[in-house]
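Hi everyone, thanks for coming. Let me put a structure up on the screen, and then I'll walk you through a few parts of it.

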Amino acid sequence: MCRQVFGFRLAMIALATPTALVNANDGLPTRLVGAAVVVTFMTSYVLFRDWERFGPLLLRHPSLLAADTLFGALLLIAAGPDSTLAYVSVCTPLLAGLVYGWRGAAVFASLQALLLLLIHAAQENPAPGITESALLPGLCVIAGAVGSSLRNLMLRFGAATQALTTVQARLAVTEAVSAERARLAREMHDSVAKTLHGVALAADGLTGSAGADRMDPALIRQQAELVARSARRAAAESRELLADLRRESDPAQATDVLVELAARTRDFSARTGLPAVYRPTGAHAVPPVPPAVARQLLTIASEAMENAHRHAHPTRVDVSAGVHGDLLRISVYDDGRGLPPGTTLEQLRRAGHFGLVGMVERAASVGARIRIGRGGHPQGTEVRLELPLAALTTPTA
């Protein structure tokens with residue numbers, strides 16, 4: 001919005017500059033008007049082109065906008081309040097309302113209106129009625145109010161967007177937990193239930209062998225060992241699944257992602273022989289992460305290390321994790337050959353390389369954002385995962 005205001009200023013200054021130079025007296029007044037034109041035009045152009053870079057400077061120093069207003073007043077004196085340049089004066093309170101709020105809008109609208117009234121009064125042939133002389137000052141007041149209102153609307157829209165993002169992240173975490181419970185239920189059915197069914201069949205066979213007229217001790221021993229082995233396997237599977245369920249239902253059993261990530265990094269380095277170093281980052285402690293979410297995050301990090309070892313031929317892998325602002329950030333960087341230029345997920349999917357595709361899908365399942373590329377490094381590949389901390393908290397009623 002501020003960039004559009006400066007674009008309008010550029011157009012009005014370009015249209016009104018010839019009139020301002022013609023009306024200025026020869027000598028020093030012409031040079032002053034020319035300097036004011038150059039300064040005002042270049043300031044507007046710089047802010048129009050690089051608002052993200054120079055806008056914060058204007059936000060921190062309202063005196064810069066006041067100086068710009070005075071330069072604009074010099075042009076307005078030379079061109080006259082009836083010229084096209086008069087519409088540039090309306091931009092100042094509008095911009096002040098957008099950048100500084102209603103207080104800034106009130107100050108700059110009052111300043112601009114006062115300058116316009118003084119310029120009208122200093123004319124050789126001023127407007128005969130108060131309506132004509134008060135038209136532009138009134139527009140300045142209205143523009144300031146409009147700018148302040150637009151600022152409030154945009155701030156509310158930004159807050160609503162952030163709240164929506166937080167809700168979406170929480171919903172994604174809830175869906176991930178539900179999906180993990182469904183997975184555990186499937187594994188219970190496919191592993192423990194089938195193992196117990198095998199135990200029942202083996203026990204039936206043992207009963208039949210024991211009730212036969214001629215018992216075979218070797219066969220009975222074999223069937224008994226099968227029953228015992230199957231029962232032990234079913235018990236181990238049950239303990240593992242029940243432990244996962246207990247950790248997910250008890251918040252106190254949440255996972256310390258940093259400890260797990262450091263352990264996996266050490267295991268990866270010991271197993272592959274590739275130097276891999278883990279370091280914590282950020283100034284704040286990482287909150288406990290639900291096991292279902294932690295499993296996805298750790299799987300992504302492990303897959304990134306494995307991909308680097310298998311495909312990139314790096315000399316080292318750097319793993320880091322920590323809280324940055326309101327995000328939990330995990331980074332896995334290798335100094336290998338990197339991805340081919342122009343690689344897309346669709347190309348990887350068609351080629352049957354589902355590692356990166358699966359990482360993206362896992363990140364989306366928990367409401368995280370993932371970036372795969374060189375990042376800020378001159379070579380290699382960085383997998384950066386960012387999860388909003390709001391997704392890890394449960395809102396209170």
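Let's start at a turn. In the hairpin of β2 and β3, two residues sit between the strands, and Gly325 takes a positive phi near 70 degrees. Before going on, a word on the source: this is a predicted model, where local features need pLDDT of at least 70, side-chain atom pairs count only at pLDDT 80 or more, and totals for chains, interfaces and linings use all residues. Residues are numbered from 1 along each chain as its sequence is written, and side-chain values use heavy atoms, with hydrogens and water left out.

When I say helix or strand, I mean a DSSP run (H or I of at least four residues for helices, E of at least two for strands), numbered from the N terminus. Strands pair if DSSP finds at least two bridges between them. β2 and β3 run antiparallel, joined by eight bridges, and Val323 stands opposite Leu328 in β3. With β1, β2 runs parallel, and seven bridges join the two; Arg279 has Ser320 in β2 as its bridge partner.

How enclosed is β2 by the rest of the structure? Largely, because six of its eight residues are buried. Buried here is under 20% relative accessible area, exposed is over 50%, and partly exposed is in between, using a 1.4 Å probe and protein chains only.

Now the core. A nonpolar core is a set of buried Ala, Val, Leu, Ile, Met, Phe, Trp, Tyr and Cys residues joined through side-chain atoms within 4.5 Å. The largest one has 41 residues, and Leu297 and Val317 touch the most other members. Among the elements that each supply at least two residues are α6 (130-210), α9 (291-312) and β2 (317-324). α9 gives the most, with nine residues. Apart from this core lies another, of twelve residues, including Leu47 and Trp51.

What does Leu297 touch? Leaving out residues up to four places away in sequence, its contacts (heavy atoms within 4.5 Å) are Val289, Leu328, Ile330, Val366, Leu385 and Leu387.

On a 1 Å grid over the protein atoms alone, a cavity is a set of points where a 1.4 Å probe fits but cannot get out, and lining residues have an atom within 4 Å of a point. The second largest cavity has a volume of about 40 Å³, that is, the space filled by probe spheres set on the points, which are joined across faces, edges and corners. Its lining includes Leu297, Ile330 and Leu385, and α9 gives the most to that lining, with four residues.

How values were computed: On a 1 Å grid over the protein atoms alone, a cavity is a set of points where a 1.4 Å probe fits but cannot get out, and a pocket is an open set with protein on both sides within 12 Å along at least five of seven lines; lining residues have an atom within 4 Å of a point.
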